Amino acid sequence: MAKLDSKIPKGRLAEKWTLYKEYQKLVSPANKRKIEIIVVGTGLAGGAAAASLGEMGFKVKVFCIQDSPRRAHSIAAQGGINAAKNYPNDGDTIYRLYYDTIKGGDYRAREANTYRLAEVSNNIIDQCVAQGVPFAREYGGYLANRSFGGAQVSRTFYARGQTGQQLLLGAYGALSKEIKKGSVELYTRREMLDLVVMKDGRARGIIVRNLFTGEIERYSAHAVLIASGGYGNVFFLSTNAMTLNGGAVWQSYKRGALFANPCFVQIHPTCIPVHGDYQSKLTLMSESLRNDGRIWVPKKLEDAKKIQKGEMKGIDIPEEDRDYYLERRYPAFGNLVPRDVASRAAKERCDAGYGVGKTGLAVFLDFKDAIERLGRDVIEARYGNLFQMYEKIVDENPYEVPMRIYPAIHYTMGGLWVDYELQSNIPGLFVAGEANFSDHGANRLGASALMQGLADGYFIIPFTMQNYLADQIAVGEITTDSEEFEKVEKEVKDRIDKLMSIKGTETVDSIHKRLGHIMWDNVGMSRNKEGLEKAIEEIQALRKEFWTNVKVPGKKDGINLELEKALRVADFLELGELMARDALHREESAGGHFREEYQTEEGEAMRNDQDFMYVAAWEYTGDDKEPKLNKEKLVYEETEIKQRNYKTA
Amino acid sequence: MDLKLKIWRQASRDAKGKFVDYEVHNISSDASFLEMMDLLNEDLVEKGEEPVAFDHDCREGICGMCSLFINGRPHGPDSAITTCQLHMRKFKDGETIVIEPWRAKPFPVIKDLIVDRSAFDELIQAGGYISVSTGGVPDANAIPVSREKAELAMDAAACIGCGACVAACKNASAMLFVSAKVSQFALLPQGKIEAKERVQKMVAKMDDLGFGNCTNTYACEAECPKEISVTNIARMNREFFVAKIS
């Protein structure tokens, strides 16, 4: 049984991080030059960490899957980044940001980690402004804020609808500065396929595939940081970029790292609905749209039916026949309820037959009132690029007719288990950003992913990693010639040879799509025992089929896109099962995890704090063997535990 | 829709490339261009042929990875979008579509439709940032920025680094790309301190890497998926001139 020590510092919640920093061990400047660090991923967490560690004087090797670090998927985040600056003077504090985040996550995140996230949020905004990130400003030249779901204050900083892009380019600038200086070495078009753990149990390197040459390469370091993002693509259709995958976290899991809360997946309420089976991905429309857009479906079933048949349009429905169901059900928060709540409410209406669009699987997001109130110019300034994107994809003008939206897989709160230092249970293996599990519990609030990525990358990892590395200065250079590297590399090569040798009849995508359907139907927005048990069986059968009948054409050398996809889908076929197992074992509803058996009479999620107020950290025990469950009990020392209520303030 | 495709196939950087004809059938006009390419590839894989290699990732027009030259235009016939946002409704049933990689000396073809754009990273590394380390910076509101300047900086910062400007330019000039970064920082008080050095280093690097000169045809602006304006080039020229004489 793995030992779970969360290493939460002593002291009051507000003092923990300060106390930690006062007592942590440091590495002297002369020694930093001798220490090597591998960073996997160049999104907000990885990019910011690599740049900061390089600035400090460590020797950093950074890896990205795309052709440039600037293309990591953090770039696609639209709406904004939270911070407790309280610039609008509306009553925000660090504690309130913390509390909204922990409550939004349905009390399934670790108190001390989440508090620290809120605590460093203000430093992030300062840092980004200093880097020249062009945040939106008021006429006086000061920073502007807007509101996001799950909060009653305006604390979200933004750069039009491209906040993620601008923050990532800030981190990319910092990284480029360090690459130029020589402190960071950049490896593009590389995919991590395995983790190397030495006999003493420490992580000392990675095995990657060079996506251009097909070569399998070894890299060693004193510590490894994984910041490779989430695993939402297990569902095939999601808002994630095409290459985003679970490989780095999954292979680390198979080398002994614990996987925490894999079933906590975020379904984002405002995405462009699915329109055909050839579709490759779903497009997110920023949550910021819910600031001004009102969500509704027809009140009358016959109106909904007519819309589905194309006999009627949304604009034909008079005001009194519209059901603004979020405003009706949740008067205190209205259209700004958290994502999980908004998603489930949309599903509930559509399942009851009130959905719109050809498929009946969509609801309206309407800007008519906002345009009347504020004028088209204001709406265009706020959301212009999003409206344009919608029109290009759907071929309808959202200034004139309401948008149609539906929930889609967006973010994974679960990830590798880490302690307060963001170190996994494997010494020397750190995990940051979406790849870890620690800050968002069972549901992430909007504008908090950017906050966490940059908090981990700029302000946490550079401190906590030193505490580990201080012990490592005597170790000396780590070579890749050891038998551990030899062994892991061989296993990777064998995996590739096996895939190439199957020469079956099913394409990788067709199997991935089938996996996606199993996941969406049974491990998606609402789950139940029977469906989850069925999903586990079906995934196992599909995995068997994959390993006997998948078709991977071409050669293993050089660019082989099908081989790349096959390696990722092989991981997803295992990860999907773990997600289902976790969802099955968690006999409660919490945040994005909604078990049909556990709901109130009004259909709201019903938590079970008595039995499930813990982090489920799964331990790998071998292929096709049941994983072992470890529990980290969640202790809330300075937090009042409430039932989430967005109906009344 | 049924379509004929003429696609550039090239096995590797040094291999000789050529156009190969393909056909796709029953494509929905609601499908995106890359989804049409996916269907072609799925078909090729099923037949045991090697799929067409092309770059793409976010598929929502922001990562800048996709880079196809379609019927003679970077990112195809629609305006202000990337290839991944281009939809088949922009084409006619039965049409022949010619698909090529970016063609520019500093962007060598790696395979089929994939080119190497690392020259853009090198340009940024030459000075496309503000030299600030993590920590030790003033409160964000200690540096007020006029809304007008912030908006102009954002207009420039919207660049996704896809390289369409270079591909569109008969001289393969990177002026729009470089000027967008130079402008963003020249407009903001935070960027002013290194402004002179930045513009000189980035322009010198651009010449080093083999990008051509700007002859004011504005093809770059016309094809930029983010509608970056050539006024940024004018601003950069001004910055460059001031840096040289002071």
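**Stop one: where the chains meet**

Show both chains: 63 residues of chain A are in contact with 65 residues of chain B (contact means C-beta atoms, placed from the backbone, within 7 Å). This is a predicted model, so local features need pLDDT of at least 70 and side-chain atom pairs count only at pLDDT 80 or more, while totals for chains, interfaces and linings use all residues. Residues are numbered from 1 along each chain as its sequence is written, and chains are lettered from A and ligands numbered from 1 in the order in which they are written.

Now pick H6(A), residues 163–181, which gives the most to the side touching chain B, with 9 residues. Helices here are DSSP runs of H or I, at least four residues, and strands are runs of E, at least two, numbered from the N terminus. Colour that side of chain A by class and you get 25 nonpolar, 22 polar and 16 charged residues (nonpolar: Ala, Val, Leu, Ile, Met, Phe, Trp, Tyr, Cys and Pro; charged: Asp, Glu, Lys and Arg; polar: the others, Gly among them).

**Stop two: strands in chain B**

Select E5(B), residues 96–100; E1(B), residues 3–9, runs parallel to E5(B), joined by 4 bridges. Pairing takes at least two DSSP bridges. Leu5(B) sits opposite Ile97(B). E3(B), residues 69–70, pairs with E5(B) in the antiparallel sense over 2 bridges, with Ile70(B) partnering Ile99(B).

**Stop three: two helices**

Finish on H5(B), residues 175–187, and H7(B), residues 195–208, whose axes are 10 Å apart at about 175°. Axes are lines fitted to C-alpha atoms over the stretch in contact, with angles from 0 to 180 degrees between N-to-C directions. The pair is therefore roughly antiparallel (over 145 degrees). Among the contact residues are Phe185(B) and Met202(B).

Definitions and conventions. Angles under 35 degrees count as roughly parallel, over 145 as roughly antiparallel, 65 to 115 as roughly perpendicular and the rest as oblique. Two residues are in contact if their C-beta atoms, placed from the backbone, lie within 7 Å.
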